[in-house]
There are 2 protein chains.
Amino acid sequence: MARPALDFWLEYASTYSYIAAERIGALARDAGVTVRWRPFLLGPIFQAQGWNTSPFNIYPGKGRYMWRDMERICQSLGLPLKRLELFPQNSILAARVALIGFGEGWDEEFSRAVYRAEFGEARNIGDATVIAGILEGLKRDAKDVIERAQAADNKARLRSETEEAQRLGIFGAPSFITSDGELFWGNDRLEAALAWAKR
Amino acid sequence: MARPALDFWLEYASTYSYIAAERIGALARDAGVTVRWRPFLLGPIFQAQGWNTSPFNIYPGKGRYMWRDMERICQSLGLPLKRLELFPQNSILAARVALIGFGEGWDEEFSRAVYRAEFGEARNIGDATVIAGILEGLKRDAKDVIERAQAADNKARLRSETEEAQRLGIFGAPSFITSDGELFWGNDRLEAALAWAKR
């Protein structure tokens, strides 16, 4: 029998994707589930339902709650959190770079470093020099990677991943999809998604 | 020291409030936390943010997901679930009756019976004869209770409870608020809310 598998759909601007990215490694290992990290963009999906920014900005009460909820969760997990002035951040470059990393096996490490910079240190991941700094920290040739990330074929690949997310019914991040097509939404559903993948 | 306490803000039209209503009794008992059930209406709160129905109707992808998520949760807890044609249901009468029940100590039992009728049997709780039937099942004088529920002072009380919910920052249901004012949103946060109440 094939090893159980789970697709982890993540958006670099998403606060709860940060928590999931920190938790999924150990939980998946314990569960014996192979996880594929699939970066995508929520922006086009939000736009399709009439939102031009995060629902946490559109609905201020929900936004205030989300940041307080994040504080409590990060505190309980011992994760750093700094509230962002600019939210959501522009996550396109990070997502494009992650797709390059996927082909070379450093996408998970890169993703966690992006989230730590963004939500742990309140750095702007929309700034190419921040992404370059993260890549250098991972001993990658930042200039070369960013050039390949911005090439037309890689841009098209991110668009196609985002379209695939939309086709699969994804409307938020993080989302998890099992091999048999069950969709689970939110960091809260990570354990349930892993359990389903193992059935 | 006073026994730890938690306010459980519930909306009778809310699917996830059903799950929380089924779970909170045993969990609160184990945690040694006293729970006060506080029915309110989400309608006015949704209207204030520009919604004229449930977000699960406004955003169909989210709605489809919610019903599937409910199926999985109800199955895992052994709870009955029938998908409603009419959603959300009109919950005003149920909430008014529950306030009468609160004063007489049968509000929890009534609440669980309402949720079972609505989500377990797909009955219309907006229909006064359904509410009367539930009251009769609890050996209450249905006609008398409904009359008192529809009296001006009780209607005003529900409006004031809903305003209080809004003032407290509540934007969805179920919500939980500890004595020191921490807000937790969603059935997923029930355990966290109980743990906070005990701190």
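In what order do the elements of chain A run from the N terminus on? The sequence of elements is β-α-β-α-α-α-α-α-α-α-α-β-β-α, made up of 10 helices and four strands; helices (H or I, at least four residues) and strands (E, at least two) are DSSP runs, numbered from the N terminus. The model is predicted, with local features requiring pLDDT of at least 70 and side-chain atom pairs pLDDT 80 or more, while totals for chains, interfaces and linings use all residues. Residues are numbered from 1 along each chain as its sequence is written, and chains are lettered from A and ligands numbered from 1 in the order in which they are written.

Turning to the sheet, chain B holds an open one of four strands in the order S2-S1-S3-S4, with mixed pairing (two strands pair if DSSP finds at least two bridges between them). Strands S2 (34-39) and S4 (183-185) of chain B lie at the edges with a single partner strand each, so one side of each has no neighbour in the sheet. Strand S1 (residues 5-10) of chain B runs parallel to S2(B), joined to it by six bridges; one of the pairs is B:Ala5 with B:Thr34.
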